[in-house]
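Please open the structure in a viewer and keep the selection panel at hand.

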Amino acid sequence: MLGKLDWSAIPFDQPIPLIAGAVVLVGILAVLIWVVVKGHLPYLWHEWITSVDHKRIGVMYILLASVMLLRGGSDAIMMRIQQAIAYQSQGYLPPEHYNQIFSAHGTIMIFFVAMPFVIGLMNLIVPLQLGVRDVAFPTLNSVGFWLTATGALLVNLSLVIGEFARTGWLAFPPLSELSYSPGVGVDYYAWSLQISGVGTLVAGINLVTTVLKLRTKGMNYLRMPMFCWTTLASNLLIVAAFPILTATLAMLLLDRYLGFHFFTNEAGGNVMMFMNLIWAWGHPEVYILVLPAFGIFSEVVSTFSGKALFGYRSMVLATMAICVIAFMVWLHHFFTMGAGPDVNAIFGIASMIIAVPTGVKIYNWLFTMYGGRIRFATPMLWAIGFMVTFIIGGLTGVLVAVPPADFMLHNSMFLVAHFHNVIIGGVLFGAFAGFEFWFPKAFGFRLDERWGKLAFWFTFTGFYVTFVPLYVAGMLGMTRRLQHYDVAEWRPWMIVAAVGMAVLSIGVICQIMQIVVSIRNREALRDRTGDPWDGRSLEWATSSPPPVFNFAFHPDVRGEDAYWDMKLSAQQQSLDHTAPEYYDIEMPKNSPTGFVCAFFATIMGFALIWHIWWMVILGGIGAFATFVVFAWRDHDEYVIPAAEVAAIDRVNIEERRNLVSMAGTI
Amino acid sequence: MNLLDPQGPVAAANSTILVDSVFIMLAIVVPTIFAILAFAFWFRASNTKARYQPDFVYSGRVEMVVWAIPALTVILLGGVAWIGSHKLDPAVPVPGTGSPVRIQVVSLDWKWLFIYPDQRIATVNTLTVPAGAELNFQLTSSSVMNVFFIPQLGSMIYTMNGMVTRLNLRADNEGKLQGLAAHFSGDGFPDMMFDVNVVSPLAYPDWVASTAKSAAVLNEDSYKKLMQQGIERGRPTYRLEDPRLFDLIATQHIPPGPGPELISDAGRPHSGGHDAR
């Protein structure tokens with residue numbers, strides 16, 4: 001009746017996950033009860049859960065990423081403490097627990113923190129920058145978000161029901177095959193990623209279509225803000241690479257569920273094929289994450305330097321070059337597998353070639369600052385912190401791209417330090433910069449600068465104190481994923497890294513304090529103009545938060561930095577006082593499709609993990625039925641009457657007029 | 001285990017390339033970081049002396065330089081990578097004094113088996129080699145993937161079941177080194193450290209002779225016991241019965257090692273693959 005599921009699945013003998021799970025459960029229940037008792041449920045349902053508004057979906061993506069950042073961060077803290085104390089002892093985490101933690105940490109940070117964070121920011125901002133009213137497929141967008149949430153839910157469920165994978169975040173076979181990992185851990189891993197992978201693919205298709213097909217009047221490709229370009233490149237990579245991940249995991253699942261032999265030791269299975277396939281997805285994935293961050297930094301550096309982006313066309317070229325070369329370097333993840341010198345050298349050189357457009361980007365940001373008037377607001381601090389940190393990560397990256405050097409550094413703590421250097425220094429700093437930069441746009445009030453700067457300095461310092469010791473440990477021969485060790489010379493560095501982790505945690509606490517303090521002081525921090533940073537692109541041309549239709553009229557774009565030009569010409573020509581004529585606007589209706597679909601997907605995923613076959617069928621039919629019902633709908637749009645549009649827009653125009661007339665010099 | 005304290009020619013060449021590459025890159029990285037901080041500081045909004053040039057958004061010369069700097073660096077490093085990859089190909093023998101020593105390595109769950117087919121001996125978790133001799137390794141795995149790595153001798157290499165990888169090293173100085181497993185392989189992974197004893201070429205034959213007198217014998221049966229999942233705290237040595245044992249493992253005539261025993265779930269197949277043969 002319940003497949004493999006019985007009471008032994010609940011880890012009563014392991015207090016840590018049980019207590020953590022109980023706390024989270026109590027937290028969720030408390031929030032639910034509060035929501036129901038206070039009568040917020042209808043609001044949540046109509047305004048958020050069923051919303052197909054790209055801004056709301058973007059915010060929900062970022063919220064999901066933030067919550068999962070705390071989960072993945074807790075894993076990181078536990079790992080650093082374990083390695084600090086597990087010298088000539090077992091530490092406090094037994095191997096079966098420690099191995100789950102580093103596997104979950106990697107999986108969560110990539111798939112459920114970095115991905116939703118950048119997808120959330122792209123969702124929130126790209127339609128605004130393009131001057132359009134919504135994304136290409138609003139309901140599909142909601143489906144994509146909720147499927148990602150399903151994956152995150154399943155990963156967290158593994159904390160209290162069963163176990164998570166103990167194979168590392170890429171679940172290499174044959175270790176991940178049924179023979180060596182007979183538990184449900186790998187199944188949790190694979191099904192979470194299969195379900196959220198569909199969500200990501202859907203998001204990718206949606207954003208590619210949006211950038212290619214929905215642009216306002218005059219917004220040709222070479223007038224798009226850089227963030228739109230990097231969004232396009234990143235989502236092209238998603239569309240091309242995620243199917244590889246889905247196919248690879250499908251093969252692994254066939255091995256595990258139906259006795260196939262794609263990657264087994266026996267019957268002609270080939271583990272090297274898995275290595276190749278997973279990295280053929282995995283390496284583009286790195287650029288899927290970091291390209292949007294490059295876009296964010298381009299916007300931030302140009303805005304806070306008060307200058308247009310230096311070498312815009314060069315930047316476009318660099319972005320698209322990275323997009324293409326990203327697919328030609330995957331083999332550098334396993335130089336040590338014994339391929340010949342020609343193969344190794346060619347992939348090593350290809351990997352270095354990616355450093356060229358990346359270096360060009362750094363120099364172009366540098367020259368954007370040259371001759372600027374730089375304001376050191378929090379987003380700009382993150383951007384400068386990123387430039388410095390990312391260059392160092394790039395150096396160590398190119399170093400491991402040299403095959404003979406990689407022969408000594410592969411799988412070492414040096415490598416761990418390297419990819420944290422680029423992912424934290426690149427993606428996470430980028431996500432935080434974007435968060436600080438666009439928060440006022442999403443919510444209509446600024447974030448507290450003092451707490452924001454504290455958060456930056458603690459995170460920046462904490463990063464170096466944590467990861468420089470790992471570089472050193474790697475140079476001392478330390479390999480990754482060690483639950484305990486007996487080598488005395490590694491110990492001090494592990495202790496310093498644990499201290500660094502504490503500093504990083506203070507950074508996270510400051511970030512939380514920043515949000516709390518800002519919400520409390522929101523009236524004082526209110527942004528009435530819609531343009532708190534003296535922005536350059538179209539998202540700042542509408543109010544904060546933008547009305548559901550974003551723009552009453554499709555903006556007319558005449559060059560790069562569309563909104564900057566509008567501000568300049570408005571100043572020069574004095575203001576146009578003729579009242580515009582408003583039209584009715586059609587917007588897509590809310591739809592519970594995404595939520596219901598994800599509900600059934602959760603049931604199906606859970607049932608597949610535990611081999612509860614009747615429930616799999618139930619979930620499958622439910623999800624399909626939801627899709628059919630949606631496909632059968634007759635009315636998918638509603639009309640906002642011209643009068644209402646006018647009322648909303650007039651307030652916006654009035655505020656803006658005050659801004660322009662007040663601003664003598666910028 | 002300091003990578004910058006090499007004890008053999010391969011590690012020395014690896015770490016030279018490593019250090020050289022870092023310095024080549026530092027030559028552009030340090031000025032760039034300096035420029036970032038300097039530009040950010042000088043062009044701060046409060047600095048009235050800095051000239052505001054909002055129209056400085058394109059310069060063909062600057063563009064050429066910014067594409068050229070990383071490109072030139074990469075051309076230089078690409079050369080290092082190409083030459084280094086060929087010179088340090090793990091499959092290429094490293095000449096030494098005396099006759100080459102052939103060692104067959106099997107990564108087990110969770111210990112290392114070293115077979116000396118020519119000497120008809122085998123050891124677990126201890127690798128003993130003569131200083132200065134050419135060392136030819138053939139490597140495979142009894143079960144999951146792993147990586148064989150002696151940091152101070154250089155160049156790690158994967159071990160995979162049903163496949164043989166090749167590695168050539170040389171240890172120049174007598175002494176004790178540490179080797180390790182560098183690819184996560186399950187619960188006992190941290191205990192897969194092994195000792196490397198580099199002995200003098202004169203002492204080596206004595207060690208071989210004394211090991212050949214070991215009471216324990218390594219044959220198909222004792223190997224199958226050895227490959228069960230578990231940690232080996234001791235340093236057992238064996239007489240090798242059949243010098244073709246490694247080939248039997250690598251060609252899967254001896255089936256891959258079993259995974260964990262399934263106690264709670266006896267009804268399900270023990271291993272996904274056993275039914276296939």
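Two strands are said to pair if DSSP finds at least two bridges between them. With that in mind, note that the model is a predicted one.

**Stop 1: the five-strand sheet of chain B**

Select strands S4, S10, S9, S6 and S7 of chain B. These five strands form an open sheet, and S4-S10-S9-S6-S7 is their order across it. The pairing in this sheet is mixed. Which strands lie at its edges? They are strand S4 (126–130) and strand S7 (154–159) of chain B, each of which pairs on one side only. From one strand to the next, the twist averages 20 degrees.

**Stop 2: the seven-strand sheet of chain B**

Next, select strands S8, S5, S1, S2, S3, S12 and S11 of chain B. Seven strands make up this open sheet, in the order S8-S5-S1-S2-S3-S12-S11, and the pairing is again mixed. Its edge strands are strand S8 (165–169) and strand S11 (217–218) of chain B, each pairing on one side only.

S5(B) and S8(B) pair in the antiparallel sense over five bridges. Within this pair, Leu139(B) stands opposite Thr165(B) in S8(B).

Is S1(B) mostly covered or mostly open? It is mostly covered, with seven of its eight residues buried. On one partner, strand S5 (residues 135–141) of chain B, S1(B) pairs in the parallel sense over seven bridges. Val106(B) stands opposite Thr140(B) in S5(B).

The other partner to select is strand S2 (residues 111–116) of chain B. S1(B) and S2(B) pair in the antiparallel sense over five bridges, and Ser107(B) stands opposite Trp112(B) in S2(B). A hairpin of two residues joins S1(B) to S2(B).

**Stop 3: chain B as a whole**

The C-alpha atoms of chain B fill a box of roughly 85 × 55 × 30 Å along the principal axes. Its radius of gyration is 26 Å, whereas a compact globule of 277 residues would have one near 19 Å. Of these 277 residues, 46% count as buried.

**Stop 4: chain A as a whole**

Select chain A. How many helices and strands does chain A have? There are 20 helices and two strands. The radius of gyration of chain A is 25 Å, close to the 26 Å that the globule rule gives for 666 residues, so chain A is as compact as a globular protein of that length. Along the principal axes, its C-alpha atoms fill a box of roughly 75 × 55 × 45 Å. Buried residues account for 60% of the 666 residues.

**Stop 5**

Two packed helices are described by the angle between their axes and the distance between the axes.

Select helix H7 (residues 226–258) and helix H8 (residues 271–305) of chain A. Their axes come within 8 Å and cross at roughly 165 degrees. Angles over 145 degrees count as roughly antiparallel, and H7(A) and H8(A) are therefore roughly antiparallel to each other. The crossing is left-handed. By class, the contact of H7(A) with H8(A) has 22 nonpolar, six polar and two charged residues.

Then select helix H11 (residues 378–400) and helix H14 (residues 449–475) of chain A. They pack at an angle of about 10 degrees, with their axes 9 Å apart. Angles under 35 degrees count as roughly parallel, and H11(A) and H14(A) are therefore roughly parallel to each other. H11(A) passes H14(A) in a right-handed crossing.

**Stop 6: a single residue in chain A**

Finally, select Val316(A), which is found in helix H9 (residues 312–325) of chain A. Is Val316(A) buried or partly exposed? A residue needs 20 or more other C-beta atoms within 10 Å to be buried; Val316(A) has 19 and is therefore partly exposed.

Terms used:
Residues are numbered from 1 along each chain as its sequence is written. Chains are lettered from A and ligands numbered from 1 in the order in which they are written. This is a predicted model: local features need pLDDT of at least 70, side-chain atom pairs count only at pLDDT 80 or more; totals for chains, interfaces and linings use all residues. Axes are lines fitted to C-alpha atoms, for helices over the stretch in contact, and angles run from 0 to 180 degrees between N-to-C directions. Helices (H or I, at least four residues) and strands (E, at least two) are DSSP runs, numbered from the N terminus. Angles under 35 degrees count as roughly parallel, over 145 as roughly antiparallel, 65 to 115 as roughly perpendicular and the rest as oblique. A crossing is left-handed if the near helix is turned anticlockwise from the far one by less than a right angle, and right-handed if clockwise. Ala, Val, Leu, Ile, Met, Phe, Trp, Tyr, Cys and Pro count as nonpolar, Asp, Glu, Lys and Arg as charged, and the others, Gly among them, as polar. The radius of gyration is taken over C-alpha atoms; the globule rule is 2.2 Å times the number of residues to the power 0.38. A residue is buried if 20 or more other C-beta atoms lie within 10 Å of its own, exposed if 12 or fewer, and partly exposed in between; C-beta atoms are placed from the backbone.
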